[in-house]
Amino acid sequence: MNATILIIEDEASIRTVARAYLEQAGFRVLLALSGPEGVEMARHERPDLVILDLNLPGMDGMEVAARLRQESDVFIIILTARSEESDRVAGLRIGADDYVIKPFSPRELVARVEAILRRRRSATLVVAPTLHFAHVQIDPDRREVTVGDQVIDLTTTEFDVLLALARRHGRVLSREQILDLVWGNDFYGTDRVVDVYVGQVRRKLEAAAGVPLIQTVRGVGYKFIDPAV
């Protein structure tokens, strides 16, 4: 794939194994041993994806993820021994795209990296017209969402979730359908990730538009309800 992967991890054995498998899969791999080093390396090297431990010296992984997300839309996979749902949800809300629990399968990690990067590659191959709604305009080519004159700051995955819903305006999509449309068949996690991302998109749109634009259909899924124009 010729993509660059930055691993921010202070445990040598994990760095060694992850790097070996990723390089064998054809990736360029960079290593950082602390939070501050990882943030600086991400700024200068502009990786395509970051694999991030949470328990890091110098700066907690959650803070690292927040700083990365403030500065770019780089894909982030959190790699950690923290298995509580609250930790997973917190990581996803910060803007992580996936969450891998230690101990992990190196082959599964590579598969997740490949699946996430395929999303970006496929998105660049599609030329699509701007979607116009009463409150929101969505430009798939520029990957830009506006409410009036205000550009809405969405992460890569948030944009993909919104686009999946908006392209099926008025239809209810189940969590499984959204997972398939956004994450693809290679997704290994729980459908709870859909709730987190839909919630984030809904809050951002409603804060700008002043009205709810994504509706929860209890027991079924979600639908985008902004009227088309």
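Here are some exercises with worked solutions on the structure above.

The model is predicted, so local features need pLDDT of at least 70 and side-chain atom pairs count only at pLDDT 80 or more, while totals for chains, interfaces and linings use all residues. Residues are numbered from 1 along each chain as its sequence is written, and side-chain values use heavy atoms, with hydrogens and water left out.

**Exercise 1. Find the bridge partners of I8 and L52.**

Step 1. Start with the strands (DSSP runs of E, at least two residues; helices are runs of H or I, at least four residues, and both are numbered from the N terminus). Strand β1 (residues 4–8) runs parallel to β3, joined by 4 bridges; two strands pair if DSSP finds at least two bridges between them.

Step 2. I8 has L52 of β3 as its bridge partner.

Step 3. Now go on to strand β4 (residues 75–80), which is parallel to β3 and joined to that strand by 4 bridges. Here L52 is partnered with I78.

Step 4. Look at the side chains of β3: L49 and I51 point one way, V50 and L52 the other way, and all are buried. Buried means under 20% relative accessible area, exposed over 50%, and partly exposed in between (1.4 Å probe, protein chains only).

**Exercise 2. Describe the surroundings of D53.**

Step 1. Locate D53 in the loop between β3 (49–52) and α3.

Step 2. With a relative accessible area of 3%, D53 is buried.

Step 3. List its contacts (heavy atoms within 4.5 Å). Leaving out residues up to four places away in sequence, D53 touches I8, E9, D10, G61, L79, T80 and K102.

Step 4. Pick out the polar contact: the side chains of D53 and K102 are joined at 3.2 Å. Such a contact is a pair of N or O atoms within 3.5 Å; within protein, one must be able to donate a hydrogen and the other to accept it, and residues adjacent in sequence count only if both atoms are side-chain atoms.

**Exercise 3. On which side of α3 do the buried residues lie?**

Step 1. In helix α3 (residues 61–71), the buried residues are G61, M62, V64, A65, L68 and R69.

Step 2. These residues cover an arc of only 160 degrees around the axis, which puts them on the same side of α3. The arc is that of the directions from the helix axis to the C-beta atoms.

Step 3. Check the start of α3, where a side-chain oxygen of D60 comes to within 2.8 Å of the backbone nitrogen of M62.

**Exercise 4. Work out the strand order of the open sheet of 4 strands, and which helices lie on it.**

Step 1. The order is β6-β7-β8-β9, with antiparallel pairing.

Step 2. β6 (131–132) and β9 (150–152) are at the edges with a single partner strand each, so one side of each has no neighbour in the sheet.

Step 3. For β6 and β7, the antiparallel pairing extends over 2 bridges, and L131 has I138 in β7 as its bridge partner.

Step 4. α6 lies across β6, β7 and β8, running at about 110 degrees to β7. Axes are lines fitted to C-alpha atoms, for helices over the stretch in contact, and angles run from 0 to 180 degrees between N-to-C directions.

Step 5. Finish with α6, which is mostly covered, with 11 of its 11 residues buried.
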